[in-house]
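Let's take a friendly tour of the aromatic rings in this protein. Here are the sequence and the model.

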Amino acid sequence: MACDNSRKLPLIDLSGLEGPERGRIGKQILEACETWGFFQCINHGVDKSTQNAVREACLEFFKLSLEEKRKWTTSLATFEGYSNPKHKENTGKLAKTQEGVQFLFNLRDPNPVVNEDHERLYPSNPPTYKPAVRAYFKESIALEKKLLAVLSEALGLEADALMKGLEGGAGEAKFAFRSSLYIPESRTEDELAGIGLPPHTDTPSMLTLLFSDDVPGLEIEKDNEWVKVDHVPDSYIVNVGDPLEVLTNGRLKSVEHRAYAHTTKERFSCIVITIAQEEAKLGPLPQLIDAARPALYETRTMAEFMARLTTVGYGGKSTINFAKRTAVPVA
Ligand SMILES: O=C(O)CCC(=O)C(=O)O
Ligand SMILES: [Fe+2]
């Protein structure tokens with residue numbers, strides 16, 4: 001795929017979202033999710049100091065010695081904890097090439113002490129880490145919920161329709177946080193494309209909120225070309241994940257993207273994502289199926305999506321294609 005540097009990801013100002021401008025902003029978000037699967041937003045309500053604190057705490061963690069960081073080495077059972085591409089023993093088929101830490105939170109309890117294992121995988125060094133992530137997480141969840149509600153309304157549905165769809169009869173969704181450090185590599189620019197994070201769609205994530213430092217690195221597939229995303233200060237990059245494409249019967253697009261490493265600069269990014277419970281049944285919402293647009297996807301459980309991800313591996317569009325119906329019945 002070639003690179004196209006002339007096209008720009010839609011940038012949406014959310015400042016009027018709770019007022020009379022809500023309908024217009026909702027339409028902009030919907031259109032961006034239908035055509036790009038991505039948008040960038042400003043005035044999103046997450047405090048700048050909260051964002052800065054999380055970035056600083058995460059960077060401080062990444063600066064620790066490898067021996068120290070490995071105290072929180074990833075558990076393959078939950079994908080939580082610290083992973084390092086140069087030490088692959090614990091990353092299995094999900095191996096990526098950036099260094100990262102990830103953990104899950106329950107929606108009802110934003111204090112992420114779910115069980116002993118979870119607590120063990122959640123870094124306590126530096127001491128600022130947990131409080132900074134917790135505060136950041138709370139504000140990001142509020143933004144996730146706000147965006148899912150406005151998207152539901154823009155689709156002509158009740159405000160809670162998408163969140164209910166993600167619950168899929170299995171109870172409240174979970175959220176996860178992942179912070180990543182893209183380590184500089186001494187290779188040519190061409191070789192570095194996709195080295196940071198290979199092309200993929202977001203399989204477990206309904207809606208991904210990405211926040212990064214001022215070093216750009218994300219590329220999005222658009223009409224068979226890679227489009228680089230510029231850094232916009234204090235913004236979020238938001239994208240549709242596989243479950244949201246399935247729930248909206250293909251109206252919103254889960255689009256392939258990748259991230260590149262740089263030759264000299266480090267890059268920090270972190271994501272907050274919404275994840276269905278394992279038993280949740282994910283299929284097109286009945287309100288979005290009709291004779292003109294029959295169901296394009298099978299209903300599958302979240303566990304089936306995850307099993308597909310761990311057996312086939314991370315990358316490409318294989319998990320979303322797995323949910324597609326092979327033959328669409330005549331209505
Ligand atoms: O770091 C980035 O820019 C992209 C991260 C991403 O796509 C992911 O974690 O799924
Ligand atoms: Fe992603």
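Rings of Phe, Tyr and Trp (its six-membered ring) count as a pair if their centres lie within 6.5 Å; planes under 30 degrees apart are stacked, over 60 edge-to-face, and the rest tilted. By this rule there are nine aromatic pairs. This is a predicted model, in which local features need pLDDT of at least 70, side-chain atom pairs count only at pLDDT 80 or more, and totals for chains, interfaces and linings use all residues. Residues are numbered from 1 along each chain as its sequence is written, chains are lettered from A and ligands numbered from 1 in the order in which they are written, and side-chain values use heavy atoms, leaving out hydrogens and water.

Two of the pairs are set out here.

| Pair | Centre to centre | Angle between planes | Class |
|---|---|---|---|
| Phe61 and Trp72 | 5.9 Å | 65° | edge-to-face |
| Tyr136 and Phe177 | 6.0 Å | 75° | edge-to-face |

Phe61 belongs to helix α2 (residues 48-62), while Trp72 lies in the loop between α3 (66-69) and β4 (81-83), 11 residues apart. Helices (H or I, at least four residues) and strands (E, at least two) are DSSP runs, numbered from the N terminus.

Phe61 and Trp72 are both buried, that is, under 20% relative accessible area (1.4 Å probe, protein chains only). Tyr136 is buried at 0%, and Phe177 is buried at 0%. Ring pairs also join Phe61, Phe62, Trp72, Tyr82 and Tyr129 into a cluster.

Note on methods: Buried < 20%, exposed > 50% of the residue type's maximum accessible area, 1.4 Å probe, protein only.
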